[in-house]
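Here are a few exercises to work through with the model open beside you. Try each task before you read its solution.

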Amino acid sequence: MFVGSADILTIEDILSQGCAGNGASVRVYGVLTFPGDSDYRTALLKQENATVHLDVSGMAQLDVLEGSFVQVIGEVRAVALADYRLVTSTVIARIIRCAHGFDHELFKHALLLRKQFLAEASAVLPTSTNASSD
């Protein structure tokens, strides 16, 4: 799956891409939490049964409360955790904004329809755009 500039993805999409999504610019929604031992430079973003790590160290100010439903815009990076063996996808947050009032069920449905449309469109498009001209 190709990820363009700031594509809207689910956390499951980010995690399933693993290192293949490294460097991708993404927008993702979820509930912001901080681990118990957090120094507030790292956070977790939860979406149903999936969780992704957030690096918020580059943000000058974090104006959202823990437990808030937020939109995060940032880049995906493959990061080794403490034991250096486990590599996970981490979103390096550039922007975090509150998204209360957001209809998450409608969003999931729209995202599913978009994925189906893109899959059908890619099946119809020719694989090569290099046409020879004489």
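Two strands count as paired if DSSP finds at least two bridges between them. Helices (H or I, at least four residues) and strands (E, at least two) are DSSP runs, numbered from the N terminus. Before you start, note that this is a predicted model, in which local features need pLDDT of at least 70 and side-chain atom pairs count only at pLDDT 80 or more, while totals for chains, interfaces and linings use all residues. Residues are numbered from 1 along each chain as its sequence is written, and side-chain values use heavy atoms, with hydrogens and water left out.

**Exercise 1. Describe the overall fold of the protein chain.**

Start with the elements: the protein chain has two helices and six strands. Then look at burial (buried means under 20% relative accessible area, exposed over 50%, partly exposed in between, with a 1.4 Å probe and protein chains only). Of the 134 residues, 37% are buried. Finally, consider contacts, meaning heavy atoms within 4.5 Å. Among contacts with a separation of 6 or more, 55% join residues 24 or more positions apart.

**Exercise 2. Work out how strand 3 and strand 4 are arranged.**

First, find the pairing: strand 3 (residues 42-47) and strand 4 run antiparallel, with six bridges. As a reference point, Ala 43 sits opposite Leu 54 of strand 4.

Second, inspect the turn. Two residues lie between the strands of this hairpin, and Glu 48 takes a positive phi near 55° there. Glu 48 has this positive phi although it is not a glycine. Glu 48 counts as exposed because its relative accessibility is 54%.

Third, sort the side chains. In a regular strand they alternate between the two faces of the sheet. Strand 4 (residues 50-55) has Ala 50, Val 52 and Leu 54 on its covered face, and Thr 51, His 53 and Asp 55 on its uncovered one.

**Exercise 3. Which residues of helix 2 are buried, and what covers them?**

Begin with the buried residues of helix 2, which are His 104, Phe 107 and Leu 111. They lie on the same side of helix 2, because they cover an arc of only 50° around the axis (taken from the directions from the helix axis to the C-beta atoms). The cover over these buried residues includes strand 1 (7-8), strand 2 (25-33), strand 3 and strand 5 (69-80).

Now turn to the face pointing away from the buried side of helix 2: its exposed residues are Glu 105, Leu 106, Phe 117, Glu 120, Ala 123 and Val 124.
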